[in-house]
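Subject: Structure handover

Hello,

Here is the structure I promised to pass on.

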Amino acid sequence: MTATQTLPSLDGRTFKMLSSTTSAVDPDAPSTFRYFERDGVIWGDYVGDTVTFGRCVGTRTGDTINVSFVHVLVATGEVVSGTGVSEIERDDDGMLRLIERYEMHGAPQLSICAEVAAA
């Protein structure tokens with residue numbers, strides 16, 4: 001944990017996408033993200049909605065993560081890659097939330113993902 005980190009590790013946490021400027025999010029089958037974290041390094045995978053599967057890797061400084069990602073689109077099989085910055089915050093229920101800013105299709109994008117309670 002870095003000195004400026006105020007929120008807990010993402011290690012082993014799962015998030016679901018709530019909204020995205022890139023595409024409409026299917027509320028019944030949103031993209032789901034699994035994150036892992038160790039010594040300031042972040043990595044994970046994601047599936048669902050418009051994504052067949054995807055991977056991300058990056059770093060965490062304080063409550064900000066910087067990642068590179070790559071995924072395959074369901075509709076076309078196209079491989080999409082990019083970079084992004086996410087702010088980690090707590091929602092009103094005490095769960096973590098990711099505010100993701102990235103560039104895709106040549107334009108800035110914004111997604112919001114909410115932590116899924118452990119079963």
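The notes below start with the whole chain and end with a single residue.

This is a predicted model, in which local features need pLDDT of at least 70, side-chain atom pairs count only at pLDDT 80 or more, and totals for chains, interfaces and linings use all residues. Residues are numbered from 1 along each chain as its sequence is written, and side-chain values use heavy atoms, with hydrogens and water left out.

The fold: the chain has eight strands and zero helices. Both are DSSP runs, numbered from the N terminus (helices H or I, at least four residues; strands E, at least two).

The dimensions: the C-alpha atoms fill a box of roughly 45 × 25 × 20 Å along the principal axes. The radius of gyration is 14 Å, which agrees with the value near 14 Å for a compact globule of 119 residues. That radius is taken over C-alpha atoms, and the globule rule is 2.2 Å times the number of residues to the power 0.38.

The burial: 38% of the 119 residues are buried. Buried means under 20% relative accessible area, with a 1.4 Å probe and protein chains only.

Now Serine 31. It is found in the loop between strand S1 (14-20) and strand S2 (32-38). Serine 31 is buried, with a relative accessible area of 4%. A polar atom of its side chain lies 3.0 Å from the backbone oxygen of glycine 48.

Best regards

Methods. Buried means under 20% relative accessible area, exposed over 50%, partly exposed in between (1.4 Å probe, protein chains only). A polar contact is a pair of N or O atoms within 3.5 Å; within protein, one must be able to donate a hydrogen and the other to accept it, and residues adjacent in sequence count only if both atoms are side-chain atoms.
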